[in-house]
Amino acid sequence: MSAEVAGIVLNTLYVSTTPVIIAAALGTPLAAWLHIRGGRAAAALKALFNGFVGMPTVLLGLLLYLLLARTGPLGSLQLLYTLDAVVIGHTVLVLPLYLSFALTALEGVDPRLREVADMFRFSFWRTAALHVREAAASLAASYGRAVGELGIALMLGGDMRYRTRVLTTAIAHETMLGNWDAAIQLGVILLAISLAVSAAVTALGFRYRG
């Protein structure tokens, strides 16, 4: 593996892993709180999250581009065409997905678990932790969404060589140049990362269940 490819892989891991961590940090307590609270408000918010899951990435990338552009409201931050801009875009992309998956998983948890938590007066965070063990699939789904995303990475990162190029944009670049061997090799690396993360998260979920 060349130094350039290694850098592309590291960039990919950064713009994929960081958004999932942020989404989990924000979405886990929110999902647990909505599940415990219940009611129409929780149902309405879940419907809203499900709606955002289907938002076209090109549209999301365009909206964020307008916000981060030099003439936009956040232009003074000078984040456009940086990896941090891609992280912001991927976070906005995967957060609704994480919340939707987490809420769906929590609905399948035995309701007696909540009764036991109330009986022993578990804290909110400890109760949330018990529920999150059943939502490992949300992590895998969120990471798969982030690591395989192209539109946001291209629009906000710019596919700048040695700076913001990630595996998806590199594959697109090599394909447009007709470098099929390089594109396939990068695709294999991307697939390996996705499968490895999915397997690790799934194994973690089974471990907690056991």
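Reader: Hi! Which residues does Arg 165 touch, not counting those up to four places away in sequence?
Author: Hello! In this predicted model, Arg 165 touches Glu 4, Ile 8, Asn 11, Asp 159, Met 160, Ala 170 and His 173.

Reader: Nice. Where does Arg 165 lie?
Author: Arg 165 is in the loop that runs between helix H8 (151-157) and helix H9 (167-177).

Reader: And is Arg 165 buried or exposed?
Author: Buried: the relative accessible area of Arg 165 is 8%, and the cut-off for calling a residue buried is under 20%.

Reader: Which side chain does the Arg 165 side chain make a polar contact with?
Author: That would be Asp 159, with the two side chains in polar contact at 2.8 Å.

Reader: Switching topic, how many residues are in the largest nonpolar core?
Author: There are 16, and Val 15, Leu 68 and Leu 156 have the most contacts inside this core. Two or more residues come from each of H3, helix H4 (83-107) and H8. H4 contributes the most, with five residues.

Reader: What does Leu 156 touch, leaving out residues up to four places away in sequence?
Author: Quite a list, including Gly 61, Leu 64, Tyr 65, Leu 68, Val 86 and Gly 89. There is also a second, separate core of 13 residues, with Ala 24, Ala 31, Leu 34 and Ala 146 among them.

Reader: Great. Now the surface: which residues form a nonpolar patch there?
Author: Leu 59, Leu 62, Leu 63 and Leu 66 do, and together they have about 340 Å² of accessible area. Leu 66 belongs to helix H3 (residues 57-68).

Terms used:
Residues numbered from 1 in each chain as written. Predicted model: local features only at pLDDT ≥ 70, side-chain atom pairs only at ≥ 80, totals over all residues. Heavy atoms only, no water. Patch = residues over 30% accessible without salt bridge, like charges linked within 9 Å, V, L, I, M, F, W, Y side chains within 5 Å. Areas by Shrake-Rupley, 256 points an atom, 1.4 Å probe, with all protein chains shown as cover. Salt bridge = Lys/Arg side-chain N within 4 Å of Asp/Glu carboxyl O. Helix = DSSP H or I, 4+ residues; strand = E, 2+ residues; numbered from the N terminus. Buried < 20%, exposed > 50% of the residue type's maximum accessible area, 1.4 Å probe, protein only. Polar contact = N/O pair within 3.5 Å; in protein donor to acceptor, adjacent residues only side chain to side chain. Contact = heavy atoms within 4.5 Å. Core = buried A, V, L, I, M, F, W, Y, C linked by side-chain atoms within 4.5 Å.
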